[in-house]
Amino acid sequence: MAPKAAALVLVLLAVSGARADVNPDEVASVLWKYFTELGSNAKDTVDQLQQSELTKQLNTLLESNLRSVNTYAEDLQRRLVPFATELQARLVQDSQRLKEQIRRELQELRARLAPYADEVHQQIGSNIRQLQAKMSPYAEELRERVDRSAGELRRVLEPYAAELRDALQDNAEGAQAALRAQAERLQAQIDGGVEALKERLAPVADELQAQVAQSVAELRRGLGPYAQDAQDGLERQLQSLTAQTERAAQELRARLASSAEELRAQLSPLAQELQQVADSEGLRQRLGPLAQRLEDSVAQTLEAFRQRAAPVGESFGQQLVRRLEEMRAKLDSGTAGVEDHLELLEREVRDKVAAFLSTAPPPEN
C-alpha cells in the first residue's frame, strides 16, 4: 500500500474504528481534507502527516483492529482504499470540467437576468433583510441559553469554595476523606454541567439551519421567474449557497461544542488539584489558597466561556448575509470564484461517501 493511502486508512480507522455506527459525515470530512491537502501539492503537509506522533498512534490502532475478530472494520478498510482512489481520480477529472461549466452557466445566467437587474437586486436584498430578521431572534435565544447555562453551572460550582473553607475546621483525617469525595463530586458536577450545556446549545444550530434552508427556498421561488431559460445556472448557484450554509451550520455546532469542551478542560484541573491536596501533607496550608482559587477560577472561566460562545449566533447570521451578498455580486459580474466548484465537489464527496457506507455490510456478531 502506498504511504499516502496507508495514512488515509489510518485516519479513517481512527474515525470509524470497529464501530457499527460509522458516521458518514465524519469520514467525508477526513476524505475531503485529505483530497484538498493532496491537491494543493503541499509536500510538507503530507510529510508531516506521515511522520507525526498521531500517525504512530494510529499505526497501533490499525494493528489492534486487524487482530480483532470484527470483520466489519477490516472489510471497511479494504473497501475504502479503492473507493478513495477512484474518488480522487474522479475529482481530479471533474474539477476542471465543473469549474468551466459553472463559468459558462454564470455568464448565461447574467445575460438572462440583465433585463431584470433591478428586480433581481431587490429580490436578493429583500431576502437578505428577511434572513437578518429571522436570524436575530435565534441569535438572541442562543445568547440567552449561554447565559442561563453558564449561570446554572456557576451556581452549582460556587458552593465548593465555601465547603473547602468549612473543611479547614475539621480534623486532618476527616478533612482528607471528605476532600477526596468532594473532588470526585466536583469533577462529576463539571462533566454533568458541560454535557447539559452542550445539550441546551446544540438544537439552536439545527433551528438556524432550518431557517436558512427556508430562506434559500424562498430565494429560489423569488428568482425563478427571471431565469426560466437558465434554471441550471441558477440552481447550481443556489446549491453552492446551500453547501455554504450547511458548512456554516456545521462550524457553528463545532464552535459551540469546542467552547464547551474548552470549559471542561479549564475547570477539570480544579478537581484534580483538590484530589492532590487531599492526598498531600500540609493540608491546611494548601486548602485556604485553593478555596480562593476555586472561587475566582469558576467565575472567571465561566465568564470567559460566556464571552466566547454568546456572540456565535450573530457571527453565523453575518456570515450568511455575506454569502448572499457574494452571490448577488456573482450574478452581476458573471464571474465564478474557485470556492464555487470546491463547495459543490465537497458536497459530492459527502454524498458519495454516504452512499458508499450505506452499502457496507453490517458487523458480524
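Colleague: What makes a set of residues the largest nonpolar core here?

Modeller: A nonpolar core is a set of buried Ala, Val, Leu, Ile, Met, Phe, Trp, Tyr and Cys residues joined through side-chain atoms within 4.5 Å. The largest such core in this predicted model has 74 residues, and Leu186 and Phe316 have the most contacts inside it. The model is predicted, with local features needing pLDDT of at least 70 and side-chain atom pairs pLDDT 80 or more, while totals for chains, interfaces and linings use all residues. Residues are numbered from 1 along each chain as its sequence is written, and side-chain values use heavy atoms, leaving out hydrogens and water.

Colleague: Which residues does Leu186 touch, not counting those up to four places away in sequence?

Modeller: Leu186 touches Leu157, Tyr160, Leu270, Ala271, Leu274 and Leu294. Contact means heavy atoms within 4.5 Å.

Colleague: Why does Thr245 count as buried?

Modeller: Buried means under 20% relative accessible area, exposed over 50%, and partly exposed in between, with a 1.4 Å probe and protein chains only. Thr245 has 8% relative accessibility, and therefore counts as buried. Leaving aside neighbours within four places in sequence, Thr245 is in contact with Val212 and Leu320. In the chain as a whole, buried residues make up 42% of the 365 residues.

Colleague: Where is Thr245 found?

Modeller: Thr245 lies in helix H9, residues 231-278. Helices (H or I, at least four residues) and strands (E, at least two) are DSSP runs, numbered from the N terminus. The chain has 12 helices and zero strands.
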